[in-house]
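Biologist: Could you take me through the ligand site and the aromatic rings of this model?

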Amino acid sequence: MASKKATDHEREFAKDAIAGLGAHTKVISPKYFYDAAGSELFEQICLTPEYYPTRTELALLAMIAPSLADGIPEAATLVELGSGASEKTRLLLDSAPQISSYVPVDISSDALEQARLRLAVDYERLEILPLVADFTKSLVLPRQTKGAPVVGFFPGSTIGNFEPDEATQLLRKLRLELGDNSQLIVGVDLVKDTSTLLKAYDDASGVTARFNKNLLVRFNRELDADIDLDLFEHRAVWNTAKERIEMHLVSLIDQDVTVAGTTFHFRAGESIHTENSHKFTPASFGSLVHGTGWLVTKAWTSDVQPFGVFRLVADA
Ligand code: AVJ
């Protein structure tokens, strides 16, 4: 049984890689960053001096946790999307002991298991129900949570990785899945000066470059590719029109690479577009949420490095 599951995952990875590398503008979903090595590299990115979002959000959450907790019902279920190491979760759990069950959702079973083990030590009364899933697909909450008030937690500005129409679709889907009396707490990185943004996605010690190139490592290991990592360069650019940071892997020469048995030609300077990180203003995030079945009832923003936490409640 276990091996069949693995091949489904690799089959989808191969299918997406062939479709993306075969597209007019070569692209691959950022969800493929997060194998065990990628999740670990992301934890390291959060420790770089340049990558401000995680520290800024943690500081903001620490400040507003009591207000967030006030709005959380008795015996609530906390559903966290793309949970990773769950440090931010602790701030909520510490200030809202009325949370009785926690459903971390992540594509990386390793990261989930590590988070579960760490949390179980400190939160004995908390029912931890990990869900290995791609939260962009249909989410079925564990049956143990049936009937409990649901609080969604979507930190880290991961919503910024989606194109605006994908983000609204995701919010609509979550509105239906989390239910009528639910709420959703979203962490959103805000627009700021371009040099700060570019440094955050291209840190001097090259951790983000390794995180980006880890995709090529996965192509070689899991999709029998023959890619020379030194012939590709990490690049982060600010797209002013779309208010987003884009990450790319740029081919340094004309070359052919084979991935999952298919050969793709790269011109020198041609890239694989690996991630978008859209940046918002409270107004632009408000219009993104508009019409998705959620209402923004509260917004908290930090002013040092502008970052926002928004409480969305299900519209009646
Ligand atoms: C956690 C996915 C939101 O887009 O800022 C960090 C991932 N990419 N450095 C982001 C990331 C490059 C991060 N997210």
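Predicted model: local features only at pLDDT ≥ 70, side-chain atom pairs only at ≥ 80, totals over all residues.

Modeller: Residues are numbered from 1 along each chain as its sequence is written, and side-chain values use heavy atoms, with hydrogens and water left out.

Biologist: Which atom of the ligand is 2.7 Å from an N or O atom in the side chain of glutamate 275?

Modeller: Polar contacts here are pairs of N or O atoms within 3.5 Å. A polar side-chain atom of tyrosine 51 lies 2.6 Å from an oxygen atom of the ligand, and the side chain of asparagine 161 has an N or O atom 3.2 Å from a ligand oxygen. For glutamate 275, the ligand atom at 2.7 Å is a nitrogen.

Biologist: Is tyrosine 51 buried or exposed?

Modeller: The classes rest on relative accessible area with a 1.4 Å probe and protein chains only: buried is under 20%, exposed over 50%, and partly exposed in between. Phenylalanine 42, at 23%, is partly exposed. With a relative accessible area of 7%, tyrosine 51 is buried.

Biologist: How are the rings of phenylalanine 42 and tyrosine 51 arranged?

Modeller: Rings of Phe, Tyr and Trp (its six-membered ring) pair if their centres lie within 6.5 Å, and planes under 30 degrees apart count as stacked, over 60 as edge-to-face and the rest as tilted. The centres of phenylalanine 42 and tyrosine 51 are 6.1 Å apart and their planes stand at 80°, so the pair is edge-to-face.

Conventions:
Polar contact = N/O pair within 3.5 Å; in protein donor to acceptor, adjacent residues only side chain to side chain.
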